[in-house]
Amino acid sequence: MYGLQRGYCSPHWPASEPDSDVREEAEQRYEALHAMRIRYQTYVADRKPVLAAPKYDSWRTLVIPPFLHEMHGAQLASHAKPWAFLSVMGRPLLGTNFDRDYWYPIRDGAKERNSGPRYARWARPEMPAVPEMAGEDIYRLRHWAKGKLDEAGDIPRVAVEARMGHELPGVEGTYSEVTVAMEERIVEYLQGVWEKEVVGAGLWTPPFPMSLPDDLVNAAAPLVSGLPVLEYE
């Protein structure tokens with residue numbers, strides 16, 4: 001999440017993919033689907049922010065349902081920075097205390113927060129707690145995501161594990177592959193979960209998007225950050 005750059009989000013990708021081979025293949029495969037690319041994470045090395053490969057070199061493409069594609073488009077339209085997600089004050093998330101300032105209020109609920117005109121974007125609506133996540137680390141969302149896909153019952157294991165960035169062991173892993181039909185089923189299922197279990201159930205959703213400090217900038221937003229890439233030997 002910290003390292004997701006604008007150019008790898010579904011409103012721009014795969015047309016913005018710098019690798020011509022990857023771009024050509026993806027444009028053909030995802031012509032009728034929305035997809036994003038997991039390409040980099042970012043962290044501090046030698047006291048400087050850098051881009052690095054995702055965990056276990058798990059580069060991959062994720063198809064995403066229409067509701068999430070629309071959310072990403074609105075989010076990117078709310079600011080003009082290269083990162084998909086910024087702090088509430090419009091800075092890179094890498095410099096934040098994410099658990100304290102973001103995850104705990106989301107998980108445990110938070111009171112409405114008002115502020116004066118100078119810090120208008122510090123304001124937020126009241127947020128209800130999520131009882132099912134009480135005391136849980138944000139990593140549990142990843143576990144929940146896999147469980148939700150397994151719940152469908154008709155999404156092949158290879159597609160679920162590939163989405164998580166895992167490789168199947170043994171002969172199964174050697175001879176299995178994720179097909180477009182499998183990815184279409186993932187999109188269909190996740191869209192249905194959103195419409196039935198969130199919208200249909202009347203669950204609270206935040207006002208979206210909440211404009212960030214540079215939302216009125218008219219210049220074209222950069223697609224990538226320009227940070228150096230940390231290479232491993």
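**Exercise 1.** Which residue just after α5 takes a positive phi?

*Solution.* Gly165 does, with a phi of about 90°. The model is predicted: local features need pLDDT of at least 70, side-chain atom pairs count only at pLDDT 80 or more, and totals for chains, interfaces and linings use all residues. Residues are numbered from 1 along each chain as its sequence is written, and side-chain values use heavy atoms, without hydrogens and water.

**Exercise 2.** Determine how enclosed helix α5 is.

*Solution.* Start with the helix: α5 covers residues 157-164. Helices are DSSP runs of H or I, at least four residues, and strands are runs of E, at least two, numbered from the N terminus. Next, apply the burial cut-offs: buried is under 20% relative accessible area, exposed over 50%, partly exposed in between (1.4 Å probe, protein chains only). In α5, 6 of the 8 residues are buried, so the helix is largely enclosed by the rest of the structure. They are Val158, Ala159, Val160, Glu161, Arg163 and Met164. Finally, find their partners: these residues pack against β4 (60-64), α4 and α7 (180-199), where contact means heavy atoms within 4.5 Å.

**Exercise 3.** Describe the setting of His143.

*Solution.* Locate it first: His143 lies in helix α4, residues 140-152.
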